[in-house]
Amino acid sequence: MRLAGDSGDGIQLMGSQFAVSTALSGSDFATFPDYPAEIRAPVGTTFGVSAYQINLGGGPITTAGDEPQVLVAFNPAALKVSLPLIAKGALVIVNNDGFTPRNLAKAGYDSDPREDGTLNDYQVVAADISHLNLEAVKEFGLSKSEGGRCKNFYALGMLLWMFDRELGPIEAWINRRLASKPTMRDANIKALHAGHAFGETAELSANISQFDLPKAKMAPGVYRSITGAEALALGLAAAGELADREVMFCSYPITPASPLLHRLVGLQELGVGTFQAEDEIAAICAAIGASYGGMIGVTSSSGPGIALKTEAMGLAVSAELPLVIVNWQRGGPSTGLPTKTEQSDLYQAVYGRNADTPIPVLAASNSGECFDMAIEATRIALRHMTPVILLADGYLSNAAEPWRVPSMSDYDAIETNALPDSDDSPQRRAFSRDETSLGRPWVTPGMPGLVHRIGGLESDSETGHISYDPANHQRMTELRANKVDAVASYIGEQEIEAGPECGDVVVVGWGSTYGPIYQAARKTGASFVHLRHLNPFPSNLGEVLAKFDKILVPEMNNGQLVTLLKDKLCIEPESFTKVTGHPFLIGELVDKIESLRGKAV
Amino acid sequence: MSTKLTAKDFATSQEVRWCPGCGDYAILRAVQTALADVGADPDKTAFISGIGCAARFPYYVDTYGFHTIHGRAPAIATGLKLANPELNVWVVTGDGDALSIGGNHVLHALRRNVGIKVLLFNNEIYGLTKGQYSPTSRVGTASPSSPTGSVESPVSPGQFAMGSGTHFFARGIDTDKKGMGDVLQQAHAFEGTAFVEIFQNCIVYNEDVFADFTDRKTAPDTQLHVKHGEPMLFGENNSKGIHFNQDTLALEVIDVTDAKDEVLVHDERNPTIARMLIDQKTPVALGVIYRQPAQSYEDAFYAKHPTQMKRRKSVADIIEGPSSWTVD
Ligand code: SF4
C-alpha cells in the first residue's frame, strides 16, 4: 500500500499509525517512508509529494514491497508520482477535493486523470475526503485549516475498515498525543470513526472489499514495532549497560541522522547523555573527549558530516581510544539527495582517511538489527581500543518493522583490557597490550598513579611518548593494521543466509538491501550471503564464495562492495547497481539472477 | 596529598624541544609553579592541546595530557569535562590554533562557559610551519606568505572572547612571573571558561613584537596591572591613572598628582570597561580584565539531566516500547 499527498497532509503520521495497527493485528510488515527534502514544499507540486509505503501480509516480510496494490492519493501530484510505481489493477483511492483545476495544472495534468482514461487499468474509488471530514468534525467549531488537518485520520479510518483493524490502539495513541488539546483530540477521533463508518456504509461497500490478511508465521516471543533509529538508540544504551559505562552521544543535526539524537534524548535514565555540538568536527571531538574521560563516546552523522569528522577519526586511531561512529548514509556526492537512501559511503568508511588508518566497519541490515550492531560496534571499540564505523542508512532510520524483543541476559558483558599489575611506569602500563585483541587498557584521567600522555603524533610502541624513530613507525603502522585484522578472530564465520552451500549463483549483499535480495534468492533458489562485517571480512568469506560459479553483488551505489571484494579476496564478482533513491525491487533482482544463469549455461 | 608538590614535580622526563629563548619556556615554568601553588592533584589534572609550537605543552607537564589535532582542543576538552566534571582541565592553544582553524570551537566553549582554562599563547605568527602571518598579525607583517606585508586586519583575542560571551578574560606576559602566577591562579579558581591571552615572544619568527610594552625598562609606563576594586594606576610611583572621559566616552591617561578622584576604579564585572581596556594601546591592560561568575556548562548539563548521567533504569525496563504483542 502507498499513501501519498502533500508534506502538510500528515502522510507520515498516518503511515506510521497504520504500521502500528498492522503490528497489533499480528501481520508482518515493512515500511518505506519517502518524503521530500523540503520541510514544507510548495503545496500541490510533484516534488512536494510525501509518501509512505507499507508492505503487509502473512509470510515473512523483508521489503517495503515491489508494486503497491493499494494507493491513497490526496492530490493530482501524489497520483502522478505514484502511478508508475503501483501494480496494474491496484485499488486507487483519490481525494476528489484535492483535484482542483489549480492542483491539476501544478501536477502537470492537461486533463483530469479521473476522467481521461488514465485510471482505466485500476479500480478507482473517488471520495470527497476533505469535504466528508470537514462535515464530520463540524460540531467542534474548528477553523477550516484546523478541521482540514484531521483528514489524514479520516482516511486512516477508511483504511482500517478495509483491512479489518481495531480502532482502539489508534484512538489510544491520539488520546496520549493530543491530551493537552482536547478539541483537536476529539475532532481527530471523530474523523477516525467517521472514516471507518464511511468505509462500512453502503455507499462504498460495493466497490471496496475488506482485505483479510492471514497472520504471519513468526517465531514465538514478544514483538514491538521499531525503527532503525529507535533500535540503534536502545542498542547504544544496552552497550553502556553491558560495559557498565555511561554513554555520551555527541552530534550535529543532519538529515537523516537526527532521529538517533532525538531517540537518545529519551533514554537519559539509562545513563545516556546527549551533546549537540557546534559542528560535525566538534561532535566527534567531544565524543573522543568523552571516551578519553571514560564514557562510551558516540557520534553520528550522514556522509557529508562523516567526511568532516575524518581527521578526528585518525586521532582516535592514533591515540587508541574507543569510539562509535554511526553513518546514516544518503544520496551524494556533496549535499546530494538528503532524504534518499544510498549505500555509497562504503569506500569512505573503509578507505577514506589520510595515511594508513584502518578502522573496523560494520553494517546493519534492518531496523531491528541496529540494536545488535550498536552493541557489537561498542564491543569491538572497547576491546580493541579503536574507533568503529557502523553503517546504516536513511531508509533504516525511518523504516518501522516488527522486532522480536531480545532478552538482555542473552548478551555477554562488554569487557575492556585489564591493566597489568606491575611496577612499570604509568606510561608503560597504559600502553601495555592484550596479546589477542592488541587493545590497550582504557586508562582515563582521574585514575590515580597512572598519569601519561597520548596524542596524534606518532607514539612510541611501549611508552606512548612522541617518537620519530623510523623502525617504531613501521611497527606502529603494522600494529594498527593487525589490530583491525584481529577483529576477525572474534566475529565468527560467514554464514549463508539462504540457499545451498554451492551452486551456480550466489548473491552477496550488505546493509538495507537485505530484504529484496533475500526474497529474490528464495524465489530463484540462488544462494544469499549477507555481510555484516565489511572490515575486516569474516576470515572464511573467500572460501564460502569460491563454491559458486557466479557472484552477483547488487548495491545502491556504483559498485563499491565489488571493489572491496576484488581488493581483499581477488575475485571477480558481477556488479548490479541502483542509485535511484528507491530500494531494489525483488522483480529486478530475480531478472538479473536469471539472466546471469542464462549466461552461465 | 601528604607532602606539598613543587613546580619540579610537574615536570616530565621529556626533553623540552622549543627553540632556545622561546617564551614558551617561561610559560611552562609559570604553569608548573601555579599548579604547585594551588595544590593541583596531577591525577585529576589534564592538559589538552591542538597543533602548533605551544601544543607540545602536555608532553612536558606531569599530569594527564592529550595532544590532539589542529584547532579542536576546546571541543575535546568539552567532551572530557562532560564525562568527568571533577577534572581540572587546561587547554593550551596558539593564535592560529584558537582563532583561525579552531575559532568556532573557542566561540562555543566561551558561550557555553565550559569549565576549562584556555591558555592562548599569542605570538602573532605561525611558528611551527615556519613563520607565516597569523590571524593576530598586525597589518603589514612581512612573512614567507606575505613578503610585501600582510593586508588583513588582525583579530583581537579579547574582543573575540567578549563577543563570544566569555565570563573570564585575563592577560599576562610570558616572562612576567608575578603577573602570570596571579592570572593562572585566578583562572584555575574560575568555575567556567577562563580565557587567558599570554603575550609570547617567538624569538625566531617574530622577535620582540611586544617589546614596546614588555621591555622591563619602560614597563612602568607601558603596563597597567588591573585589580578588581582598585584604582587603575601606573607609571613611576603610580603617578598616572586611567580616567573615563564622559564627553568622548573613552578612556584616557591622566596625571594623578592633583586628580586622584578622577581615576577609574577597576570593576571586573563591567563589560564596557573591559572592552575599552582590551583596546587600549598604552598602557596595555594586564591581569583579570573581565570576570562574571556564572554556572559552568557541565554543572548546568548535570543539573538538567534527569538522573545526573546515572543509570536508573535498565534497557529491559523499556525495551518493549509503548505497545507490544506476543506471538505464541
Ligand atoms: S618557532 Fe617561535 S614559538 Fe616556536 S618554539 Fe621557536 S621561538 Fe618558540
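## A salt bridge to start with

Let's begin at the contact between the two chains. Arg112(B) and Glu278(A) reach across and form a salt bridge through their side chains, with N and O 2.8 Å apart. Bear in mind that this is a predicted model. In total, the rule finds 4 salt bridges across the interface of chain B and chain A. Polar contacts turn up there too: 27 residue pairs, with both residues at pLDDT 80 or more.

Which elements of chain B give two or more residues to the side that touches chain A? They are strand 1 (45-49), strand 2 (64-67), helix 2 (73-83), helix 4 (103-112), helix 10 (297-304), helix 11 (315-318) and strand 12 (324-327). Helix 2 of chain B gives the most, with 7 residues. Sorted by class, the side of chain B that touches chain A has 27 nonpolar, 20 polar and 12 charged residues.

The contact draws 75 residues from chain A and 59 residues from chain B. Between them, the two chains bury about 5400 Å², and carbon and sulfur atoms give 64% of that area. Which three residues of chain B supply more of its buried area than any other three? The trio is Tyr64(B), Arg311(B) and Trp325(B), which supply 17% of the area that chain B buries against chain A.

## Strands that pair between chains

The chains also share some strand pairing. Strand 15 of chain A (residues 453-455) lines up with strand 2 of chain B in the parallel sense, over 3 bridges. If you want to find the spot on screen, look for Arg453(A), whose bridge partner in strand 2 of chain B is Gly65(B).

## A sheet within chain B

Chain B has an open sheet of 3 strands in the order 8-9-10, with antiparallel pairing. Strand 8 and strand 10 (250-255) are the edge strands, each pairing on one side only.

Asn238(B) has a positive phi of about 50° even though it is not a glycine, and Asn238(B) lies in the loop between strand 8 (233-234) and strand 9 (240-245) of chain B. For background, most residues other than glycine have a negative phi, and most peptide bonds are trans.

## Two cis peptide bonds

In chain A, Gly332(A) and Pro333(A) are joined by a cis peptide bond with omega about 5°. Pro333(A) sits in the loop between strand 11 (323-329) and helix 14 (346-351) of chain A.

In chain B, a cis peptide bond joins Thr282(B) to Pro283(B), with omega about -5°. Here the proline, Pro283(B), is in the loop between helix 9 (271-279) and strand 11 (284-291) of chain B.

## Aromatic pairs

Over all chains, the count comes to 24 aromatic pairs. Why does the pair of Trp18(B) and Phe57(B) count as tilted? Their ring centres are 6.2 Å apart and their planes are at 40°, so the pair is tilted; stacked would need planes under 30 degrees apart, and edge-to-face over 60.

This pair links distant parts of the chain, 39 residues apart. Trp18(B) belongs to the segment before helix 1 (23-37) of chain B, while Phe57(B) is in the loop between strand 1 and strand 2 of chain B.

Notes
Residues are numbered from 1 along each chain as its sequence is written. Chains are lettered from A and ligands numbered from 1 in the order in which they are written. This is a predicted model: local features need pLDDT of at least 70, side-chain atom pairs count only at pLDDT 80 or more; totals for chains, interfaces and linings use all residues. Side-chain values use heavy atoms; hydrogens and water are left out. Contact means heavy atoms within 4.5 Å. Buried area is the accessible area (1.4 Å probe) that two parts lose on being put together, summed over both. A polar contact is a pair of N or O atoms within 3.5 Å; within protein, one must be able to donate a hydrogen and the other to accept it, and residues adjacent in sequence count only if both atoms are side-chain atoms. Helices (H or I, at least four residues) and strands (E, at least two) are DSSP runs, numbered from the N terminus. Ala, Val, Leu, Ile, Met, Phe, Trp, Tyr, Cys and Pro count as nonpolar, Asp, Glu, Lys and Arg as charged, and the others, Gly among them, as polar. Two strands pair if DSSP finds at least two bridges between them. Rings of Phe, Tyr and Trp (its six-membered ring) pair if their centres lie within 6.5 Å; planes under 30 degrees apart count as stacked, over 60 as edge-to-face and the rest as tilted.
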